[in-house]
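Subject: The model, plus notes

Hi,

Here is the structure I promised to pass on.

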Amino acid sequence: MISPAFCRVFHAFSLLSLPLVLMSTAQAQGAKKNVTTTSVTDDDHEQERAEWFLHGRTIPGKSTAELRHRAYQAKMQARNVRLARARAARPDSQPPTPSSGWTPIGPVPLASDATGTGFQDYHQVAGRATAVAIDPADPTGNTIYIGGAQGGVWKSSNAATGIASNVTWSAVTDNQATLSIASIAIQPGNSSPAQSVILVGTGEADNSADSYFGLGILRSANGGDTWALISTANSGALSFSGLGGTRVAFSSASGQTSTVVAAMAASSEGEVAGALTSHTYRGLYTSTNAGQTWTHNSLFSGGTAEATSATSVAYNASAGLFFAALRYHGFYSSPDGITWTALANQPGTPGLLNAAACPSNYVTTCPIYRAEITVVPGRNEMYVWFVSLDSNDNPVDQGIWQSENAGTSWTQINDSGVTNCGDVSGCGVEQGFYNLALLAVPNGTATDLYAGAINLYKCSISSLNPTCATTPF
């Protein structure tokens, strides 16, 4: 059975993940070139929503993400100057303690009718929640971390309480250099939540006007009390700035729980701001010391020049393998997070992602743009969902696929309930480069599969319903 705590967290995550706005000039999660995305219709008022959101938030020719980073740097420099002066004046004094005159008032929903005209008035709303992680070191399920698109990381220590409104949250990264969060992963094998190792991939690599780029991977070794920003890889030769940490996955194999893989993609703001340099590589990064240092994985014969955005990574404990999805390349697996091999049989219709269509050298005709991977805990059962782009750069649904043998073979899951949901403007993967989510959880001997696009859907896969009849959730 699914726990009440999971249901509350998934509902909260789902509601907060509703689409806000799409960029029209930079592909989500960073293609190697800027391509104008054109929709046949604008039933969702995407352009108007973008204008509404950006009104009063932009300076012509300036990136909001870069401006925030500069403001943070100026703040830290000013703080260091003040502390140095204070210490010089009173060498034996302690640093001043924070004022107790402030009372936290959030996070709480806000009124959405900022114009006062009623346009885009959704009443009380909240922003996007981009990541949720339940700490396995807490058997009660009370310790949960949630990340916001621009709201940092929040922690609850009573998330399993019976009344949702009684769950309390504390911001744990407000003093960090970036509050843009894409993913959260917690090292398995710890026995105390106070000593949990937590990795946070910063930067939201989604195609929206307010997707800030990241500055690296935040790491905490004490349950979120303090953090260190890991801003480079390959002994400092490569920079994470401008990227978004789309997914992070730890190995749970015995003796290997310090091995972790991060899927990194370019963010639209990173491209606009010029934060991506010759020392910034998209793709997969591996750490063998629980996230303290990282190495870029050169998977292709052409080297790093062929690296493209990695949109998902997951660890299948039953198979003892990492699985990853790479834009314009396909799906790969690795036993150790270091040596990667393209799956001999790729998900999708036969031949869609074969070696001829998706060679190791970078070609944009390979029909995979964004993908999600989810593994059922405790089973050698996994699912992928991926989209490609048509000639007009509109997302095309390539289907949801199931494997019960570590990716050796794949069975298509019926997603007609997603593509023909009955909502005039909300079916299918029209915004698949912006919002595409997939999560599988065990429910007795069955599997509950949750799919998130413009709307949210759920189906229960069992021996009586092996290919799923997906319904709105």
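**Disulfides**

Counting bonded cysteines along the chain, the disulfides follow the pattern 1-2, 3-4, 5-6. Before going further, a word on what this is: a predicted model, where local features need pLDDT of at least 70, side-chain atom pairs count only at pLDDT 80 or more, and totals for chains, interfaces and linings use all residues. Residues are numbered from 1 along each chain as its sequence is written, and side-chain values use heavy atoms, with hydrogens and water left out.

A search of the whole structure turns up 3 disulfides, a disulfide being a pair of cysteine sulfur atoms within 2.5 Å. Here they are in turn:

- Cys358 and Cys366 have their sulfur atoms 2.0 Å apart. The link is right-handed, with 85° about the S-S bond. Both Cys358 and Cys366 are buried (buried is under 20% relative accessible area, exposed over 50%, partly exposed in between, with a 1.4 Å probe and protein chains only).
- Cys421 and Cys427 have their sulfur atoms 2.1 Å apart. The disulfide of Cys421 and Cys427 is left-handed because the torsion about its S-S bond is about -95°. Cys427 has a relative accessible area of 18%, so it is buried.
- Cys459 and Cys468 also form a disulfide, with sulfur atoms 2.1 Å apart. Their link is left-handed, with -130° about the S-S bond, and Cys459 and Cys468 are both buried.

**Around strand 15**

Strands and helices here are DSSP runs numbered from the N terminus (E, at least two residues, for strands; H or I, at least four, for helices). Is strand 15 enclosed or open to the outside? It is largely enclosed by the rest of the structure, because 5 of its 5 residues are buried.

Strand 15 pairs in the antiparallel sense with strand 14 (residues 260-266), over 5 bridges; two strands count as paired if DSSP finds at least two bridges between them. Met264 stands opposite Gly283 of strand 15. There is also antiparallel pairing between strand 15 and strand 16, over 2 bridges, and there Tyr285 has His296 in strand 16 as its bridge partner.

The loop between strand 15 (283-287) and strand 16 (295-296) holds Ala290. Its phi is near 60°, a positive value in a residue other than glycine. With 5% relative accessibility, Ala290 counts as buried.

Gly283 and His296 come up again in a cavity lining, where they are joined by residues including Phe300, Ala307 and Leu326. This is the second largest cavity, with a volume of about 40 Å³. Its lining divides into 5 nonpolar, 6 polar and no charged residues (Ala, Val, Leu, Ile, Met, Phe, Trp, Tyr, Cys and Pro count as nonpolar, Asp, Glu, Lys and Arg as charged, and the others, Gly among them, as polar). The count comes to 3 cavities of 30 Å³ or more. A cavity is a set of points on a 1 Å grid over the protein atoms alone where a 1.4 Å probe fits but cannot get out, and lining residues have an atom within 4 Å of a point. Points are joined across faces, edges and corners, and the volume is the space filled by probe spheres set on them.

Ala317 sits in the loop between strand 17 (310-316) and strand 18, and counts as partly exposed at 48% relative accessibility. Ala317 and Pro377 are 60 residues apart in sequence, with 7.9 Å from C-alpha to C-alpha.

Ala406 has a phi near 60°, again positive in a residue other than glycine. It is found in the loop between strand 23 (395-403) and strand 24 (411-413), and its relative accessibility of 19% makes it buried.

Strand 5 (residues 152-156) pairs with strand 6 over 2 bridges, and Lys155 has Ser170 in strand 6 as its bridge partner.

Cheers

Conventions. On a 1 Å grid over the protein atoms alone, a cavity is a set of points where a 1.4 Å probe fits but cannot get out, and a pocket is an open set with protein on both sides within 12 Å along at least five of seven lines; lining residues have an atom within 4 Å of a point.
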